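Student: I'd like to take a close look at one part of this model. Could you walk me through it once it's up on the screen?

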Amino acid sequence: MSSLGSFSSTSYCFDRGCFSKHQNEKKSSKVRNLCIRGSVASSPPQSLQFAESKAHNKSEKFWIGVLGASGYTGSEIVRLLANHPYFEITLMTADRKAGQSIGSVFPHLATQDLPDMVAVKDADFSGVDAVFCCLPHGTTQEIIKGLPNSLKVVDLSADFRLRDIGDYEEWYGQPHRAPDLQKEAVYGLTEISRKEIQAARLVANPGCYPTSIQLPLIPLLKASLIEVGNIIIDSKSGVSGAGRGAKEANLYTEIAEGIHSYGITRHRHVPEIEQGLSDASNSKVTVSFTPHLMPMSRGMQSTIYVEMASGVSTEDLYQHLKSFYEDEEFVILLKNNEVPHTRHVRGSNYCLVNVFPDRIPGRAIIISVIDNLVKGASGQALQNLNLMMGIPENTGLLYMPLFP
């Protein structure tokens, strides 16, 4: 942990109150007022312990590195951290954009006073407390293996999500280069694995499709309310989910005015989805999963068809999800027959869910929507690092959705 200079005045209130502070006068004379709702699902002792530590050292900050800041998930981390009271970015890497400012790569972030990006090989981690690793799949293992052991790491790639390194090699086409780190990594589906995340040094942030799918299905499988067989998942994502790299298939003229199915039967998120669902049911789960690319920038919807257990109704599914998530900040079960829409979560860390009866007796339809770049990536990563650093997990995430 590191410290900044003293503040002229600071006040903290974590129970649906407000956090306000005067910035260090050398940096800014502006006053920030940030509403912070208490971390509803974190363990109270940890939150209280954190509040007490801050009372003794109100100037304390955590210094953050963002590896791969020139991609969509990296830029989203920067956006979310702009109003974070405890995390300060001190290092950003981007090999192809090394030497450039974040504003020259992402003009919407030009107002942020941040260091220029550097190549990973030139990065100095001596003053860093934690890093978000937003690098492409297959490149992260070696880099994280070379980081100081004192760093907390949230990895947004797929490199540490699969426990079985044989599965990783099968689905990603190369051997895993850091098997010892894989054993240490905690899968970071926040609402499901909160305690494990709090104690972790390395967290594998879930993929966007698996987040939208596992959040509604895991509680139902744990309670044996749905059958493990014949789960059909139809998912649709905005084009930002394909990353920022120049690809012919992602050109406007290739994407606009159409729906594009891809990765049919062999999408790389399949083993991640099945791993989580199998853990929840204590039995092997195989799903039918088809993703689609939609002509929109961001947003994700998973429409899930399930067979209910004998004697179970859609109302039972609804009530169980309602009970399971009633104290959660970011997973919202809609009322009555309200349909979740991607436009209602745009730019936010929320997941909206609802359950509907199918026309086929004994089956139900579950609809789940998220912003693929926030709850499906950078927002959940920030939730996880908040937990790892012992602060309320919703800190810096209370952005309302953008509409229209």
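Student: By class, how many nonpolar, polar and charged residues does the lining of the largest cavity have?

Tutor: Keep in mind that this is a predicted model. The lining has six nonpolar residues, with no polar and no charged ones. They are Leu321, Tyr325, Val331, Ile332, Leu333 and Val353. Two elements give two or more residues to that lining: helix H11, spanning 314-325, and strand E15, spanning 331-333. E15 has the largest share, with three residues. As for volume, the largest cavity holds about 40 Å³ of space, and the count of cavities of 30 Å³ or more comes to one.

Now look at the loop between H11 and E15, since that is where Glu328 sits. Glu328 makes a salt bridge with Arg194, and their closest N and O atoms are 2.9 Å apart. Arg194 belongs to helix H7 (residues 194-198), so the pair ties together parts that are 134 residues apart in sequence. Buried or exposed? Glu328 is buried, at 12% relative accessible area, and Arg194 counts as buried too, at 10%.

Altogether, the structure holds 16 salt bridges.

How values were computed:
Residues are numbered from 1 along each chain as its sequence is written. This is a predicted model: local features need pLDDT of at least 70, side-chain atom pairs count only at pLDDT 80 or more; totals for chains, interfaces and linings use all residues. Side-chain values use heavy atoms; hydrogens and water are left out. On a 1 Å grid over the protein atoms alone, a cavity is a set of points where a 1.4 Å probe fits but cannot get out, and a pocket is an open set with protein on both sides within 12 Å along at least five of seven lines; lining residues have an atom within 4 Å of a point. Grid points are joined across faces, edges and corners, and a volume is the space filled by probe spheres set on the points. Helices (H or I, at least four residues) and strands (E, at least two) are DSSP runs, numbered from the N terminus. Ala, Val, Leu, Ile, Met, Phe, Trp, Tyr, Cys and Pro count as nonpolar, Asp, Glu, Lys and Arg as charged, and the others, Gly among them, as polar. A salt bridge is a side-chain nitrogen of Lys or Arg within 4 Å of a carboxyl oxygen of Asp or Glu. Buried means under 20% relative accessible area, exposed over 50%, partly exposed in between (1.4 Å probe, protein chains only).
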